[in-house]
Amino acid sequence: MTMEAVAETVVAPQPTKNNTESPKKNNRIQVSNTKKPLFFYVNLAKRYIQQHNEVELSALGMAITTVVTVAEILKNNGFATEKKVLTSTVGMKDETKGRMVQKARVKIKHNSCNFSLQII
């Protein structure tokens with residue numbers, strides 16, 4: 001499977017009940033801590049920065065640590081600078097207990113640095 005095909009899978013929009021979410025963004029990566037390895041997201045973020053000059057990393061719950069790690073790798077290696085960090089909570093239905101629970105959510109936007117990126 002090509003990286004582009006996987007990227008489409010990663011950023012596929014989640015259905016919402018009231019459709020108040022913003023439309024699908026081409027530069028958003030929804031990170032999971034179980035589906036893909038850490039450096040998959042780092043390399044995908046580098047590619048998105050190269051194509052769109054910015055990338056938005058998004059995660060829920062336990063995947064937040066993965067997003068923060070990816071963001072720090074991008075920043076410390078000079079690939080991007082942080083533009084905005086948003087935190088919130090989202091109400092979700094717990095599948096095992098059948099009740100509503102609050103999950104933490106984080107979104108981190110990065111801008112491209114002024115020099116060109118070389119994907120290794």
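Modeller: Let us start with H2, where the buried residues are Phe-40, Tyr-41, Val-42, Leu-44, Ala-45, Lys-46, Tyr-48 and Ile-49. Please keep in mind that this is a predicted model.

Biologist: How many residues does H2 have, and what does it reach from its first C-alpha to its last?

Modeller: H2 has 15 residues and reaches 21 Å between its first and last C-alpha, which is close to the 21 Å expected at 1.5 Å a residue.

Biologist: And which strands does H2 lie across?

Modeller: H2 lies across E1, E2, E3 and E4, and its direction is at about 145° to that of E2.

Biologist: What follows H2?

Modeller: The helix is followed by Asn-53, which has a positive phi near 65° although Asn-53 is not a glycine. Its place is in the loop between H2 and E2.

Biologist: OK, switching to the sheet. In what order do the strands come?

Modeller: The sheet is open and made of four strands in the order E1-E2-E4-E3, with mixed pairing. At the edges are E1 (28–30) and E3 (80–93), each of which pairs on one side only, and from one strand to the next the twist averages 20°.

Biologist: Which pairs run parallel and which antiparallel?

Modeller: E1 and E2 run parallel and are joined by three bridges; within that pair, Ile-29 has Leu-57 of E2 as its bridge partner. E2 and E4 run antiparallel, joined by seven bridges, and there Ser-58 is partnered with Lys-107 of E4. E3 and E4 are also paired in the antiparallel sense, over 13 bridges, with Ala-104 in E4 as the bridge partner of Thr-89.

Biologist: Which handedness does the unit of E1, H2 and E2 have?

Modeller: Those three elements make a right-handed β-α-β unit.

Biologist: Is E2 mostly covered or mostly open?

Modeller: E2 is mostly covered, since five of its seven residues are buried.

Biologist: Which residues of H3 are buried, and what covers them?

Modeller: The buried residues in H3 are Ile-64, Thr-66, Val-67, Val-70, Ala-71, Ile-73 and Leu-74, and what covers them includes H2, E2, E3 and E4. Just after H3 comes Gly-78, with a positive phi of about 75°.

Biologist: Last topic, the core. How many residues does the largest nonpolar core have, and which of them have the most contacts inside it?

Modeller: The largest nonpolar core has 23 residues, and those with the most contacts inside it are Ile-29, Val-55, Leu-57, Val-67 and Leu-74. At least two residues of this core come from each of H2 (38–52), E2 (54–60), H3 (64–76) and E4 (100–112), with H2 giving the largest share, seven residues.

Biologist: Take Leu-74, then: what does it touch?

Modeller: Leaving aside residues up to four places away in sequence, Leu-74 touches Val-42, Ala-45, Lys-46, Ile-49, Leu-57, Phe-79 and Ala-80.

Definitions and conventions: Residues are numbered from 1 along each chain as its sequence is written. This is a predicted model: local features need pLDDT of at least 70, side-chain atom pairs count only at pLDDT 80 or more; totals for chains, interfaces and linings use all residues. Side-chain values use heavy atoms; hydrogens and water are left out. A nonpolar core is a set of buried Ala, Val, Leu, Ile, Met, Phe, Trp, Tyr and Cys residues joined through side-chain atoms within 4.5 Å. Buried means under 20% relative accessible area, exposed over 50%, partly exposed in between (1.4 Å probe, protein chains only). Contact means heavy atoms within 4.5 Å. Two strands pair if DSSP finds at least two bridges between them. Axes are lines fitted to C-alpha atoms, for helices over the stretch in contact, and angles run from 0 to 180 degrees between N-to-C directions. A crossover is right-handed if, with the strands pointing away from the viewer, the path from the first strand over the helix to the second runs clockwise. The expected span of a helix is 1.5 Å times one less than its number of residues.
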